[in-house]
Each structure stands twice: as structure tokens, then as C-alpha cells.
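Please look over the sequence and the structure shown below, and then read on.

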Amino acid sequence: MESLEFNKAAGAILGALLFTVATGVIADAIFAVPSPAKPGYALPAAKAEGGSATAAKPAPSVPLPDLLAKADPKKGEADTKPCQTCHNFQKGAGVKIGPPLYGVVGRKKASVPGFAYSPGMKSKGGTWTFADINTFITKPSAYVSGTKMTFAGESDPVKRADIIAYLRTLSDNPVPLPKPVPEKKAAPAPAKAAAPAAAKPAAPAPEAGKASAPAATPAPAPAPAPAPASAPAKPAAPAPAAPAPAAK
Ligand code: HEC
């Protein structure tokens, strides 16, 4: 009799334990929580340290070449902590859960011998450009359907650029960085062209004066002194008129 009571009690305790474990397992299955890309919490202090340069950038509209030009491979190395779970980065290192990433920039996609790539990755074709790596690590599953890389993605474009800048350094012969988008070059170009034109021919100046005659006549007096320095920055019209009287 006593042993029966004991069995009942033991059964109840075991049952309760089993229920607890089963609940946990089921809950885990239902509420799968992706592990964070970076362990821990992003502290505001860390962002402040990065300075306004990094804090101000994350606008998605900044082109990758511009981000890469400002990227910090050191920070990128730190940001590859989550990648290191699955990838080796040292030269000559072998396959882990994913293929080794030494020399991946410019490497043919899905080309590491001995690694069983997903069919989607194998059919991708081409080499790993900066842009392709950027798209891939933004959201691997979106770039390669059915990819074996079960990494949620890095949503911060600045961090991605840092990571890519670091990957670039993992090479005996790093691929040159892409040229930043020539947004600024466009502006100085006409200024340079205008400068020699205004400086050399002193004579044609009156011609320019004719064109902007009404504006030029009242202008000469106050303009002369600061004109050479400020002229290129100002609109085209006053520029040629001002240096002419000032220079000669
Ligand atoms: C959970 C493991 C895992 C994590 C984390 C991970 N990767 Fe991967 N990665 C893989 C696997 C697996 C593949 C092969 C994908 C396939 O075949 O579809 C892969 C493939 C790649 C490739 C293509 C390599 C080639 O030879 O074609 C690149 C580039 C890459 N990963 C970069 C990264 C970067 C950068 C990170 C961190 C931001 C990262 N991975 C995080 C598992 C991972």
C-alpha cells in the first residue's frame, strides 16, 4: 500500500517535470527567437563613440562605394563575430558550417572545394563583388533562395560596409575599392573650367560684361576685392564679370 502511494507521488512529480520540459520545448518551437547578430545590447555610448560620422550615415540612400570609402575594417572585424560561428577567416583555414572567407571578395561564388553549397548558391554564378556581398548579408535568404546560410542579416548599412571593408583586407592582393559616386566631382569641374577662362583672357571680359551688362555695371565697385576667392563658389554670372576688373 505504502509503495503504491509512493508510486503515485513519484508519478505525479515526474508528470509535472515532463509537462514543464514539454511546454518549454513546444514553446521554443513556436516562438523561435533568432539569436541577435551581435551579442549584448547596443549601448548609446558606443554610438556616441563612433561620432557623428557613423551615427549620421545610416541613411539607406548613401551609395555603397561612398560607405566603403569611409568604412573601418577594424570595426568590421569586430562586427564579424557572428559570422565566425560559421566561417573561418584565416588564410588557409578550412570549411566550418560555412565556407572559409579568406579572399572571398572577387572569388567565384560557391567555389570552395569540399563545401556542399546549396543549389541556389551554386546556380548564382559570377564572382563576389562588394555589391553582391552587401546584398547577400543584408538578408541572405532574399538573395539566395534556399541558402544554407541561416543568418538573419545585418540591417545596418554602415556595419555592412565595415564588414565588407574587413573582408576585402583578407587577401594577398585586395581588390581595389570602388570609386565613390562622383557627386562632388561634378561641382568642381565647371569651376575649374571657368577659372582659367576668367583668368587668362582679360580682353573677353567685356564680352561677358555685355551679356550681363545691367548686372555688371552696378556690381564692379563692391565686388573687386573678395571676388577671386568667392567667385567659383558663386553663380556663373557674377564670376566672370568680377575677376576681370579686379585682375587687370
Ligand atoms: C549560421 C551560420 C552562418 C553565419 C552566422 C554566417 N554564415 Fe555565411 N555562410 C554560411 C553557409 C552555410 C554558407 C553557404 C551558403 C549556401 O551554400 O547557400 C555561407 C556562405 C557565405 C558566403 C558565400 C561564400 C562562397 O564561397 O560563395 C559569404 C560571402 C558569407 N557567407 C558571408 C558571411 C558573413 C559576412 C557573415 C556575417 C555577417 C556570415 N556569412 C554569417 C553560414 C553562415
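## Packing of H7 and H9

Helices H7 and H9 are oblique to each other, a term for angles that are not under 35 degrees (roughly parallel), over 145 (roughly antiparallel) or 65 to 115 (roughly perpendicular). The angle between H7 (residues 130-138) and H9 (residues 157-169) is about 130°, and their axes lie 10 Å apart. Such axes are lines fitted to C-alpha atoms, for helices over the stretch in contact, and the angles run from 0 to 180 degrees between N-to-C directions.

On the H7 side, the contact is formed by Phe 130, Ile 133, Asn 134, Ile 137 and Thr 138; on the H9 side, by Arg 160, Ile 163, Ile 164 and Leu 167. Two residues are in contact if their C-beta atoms, placed from the backbone, lie within 7 Å.

## The model as a whole

The model is predicted: local features need pLDDT of at least 70, side-chain atom pairs count only at pLDDT 80 or more, and totals for chains, interfaces and linings use all residues. Residues are numbered from 1 along each chain as its sequence is written.

The protein has 16 helices and 0 strands. Both are DSSP runs numbered from the N terminus, helices being H or I with at least four residues and strands E with at least two. Of its 248 residues, 19% count as buried, that is, with 20 or more other C-beta atoms within 10 Å of their own; 12 or fewer makes a residue exposed, and a count in between partly exposed, with C-beta atoms placed from the backbone. Among contacts between residues at least 6 apart in sequence, 58% join residues at least 24 apart.

## The largest nonpolar core

In soluble globular proteins, nonpolar side chains tend to be buried together. A nonpolar core is a set of buried Ala, Val, Leu, Ile, Met, Phe, Trp, Tyr and Cys residues joined through C-beta atoms within 7 Å. The largest one in this protein has 21 residues, of which Leu 68, Ile 133, Ala 161, Ile 164 and Leu 167 touch the most other members. Helices H3 (64-70), H7 and H9 each supply at least two residues of this core, and H9 gives the largest share, 7 residues.

Ile 164 is in contact with Leu 68, Ala 71, Phe 130, Ile 133 and Asn 134, leaving aside neighbours within four places in sequence. Leu 68 belongs to helix H3 and counts as buried because 21 C-beta neighbours lie inside 10 Å. Not counting residues up to four places away in sequence, Leu 68 touches Phe 130, Ala 161, Ile 164, Ala 165, Leu 177 and Pro 178. Although Leu 68 and Pro 178 are 110 residues apart in sequence, their C-alpha atoms are 7.9 Å apart.

Leu 64 is also placed in helix H3; with 21 other C-beta atoms within 10 Å, Leu 64 is buried. Its contacts, again not counting residues up to four places away, are Phe 130, Ala 131, Asn 134 and Ala 161.

## Two loop residues

Met 149 lies in the loop between helix H8 (140-143) and H9. It counts as buried, with 20 C-beta neighbours inside 10 Å. Beyond residues up to four places away in sequence, Met 149 touches Gly 98 and Pro 140.

Ala 110 is found in the loop between helix H5 (81-84) and helix H6 (119-122). Ala 110 has a positive phi of about 50° although it is not a glycine. With 19 other C-beta atoms within 10 Å, Ala 110 is partly exposed.
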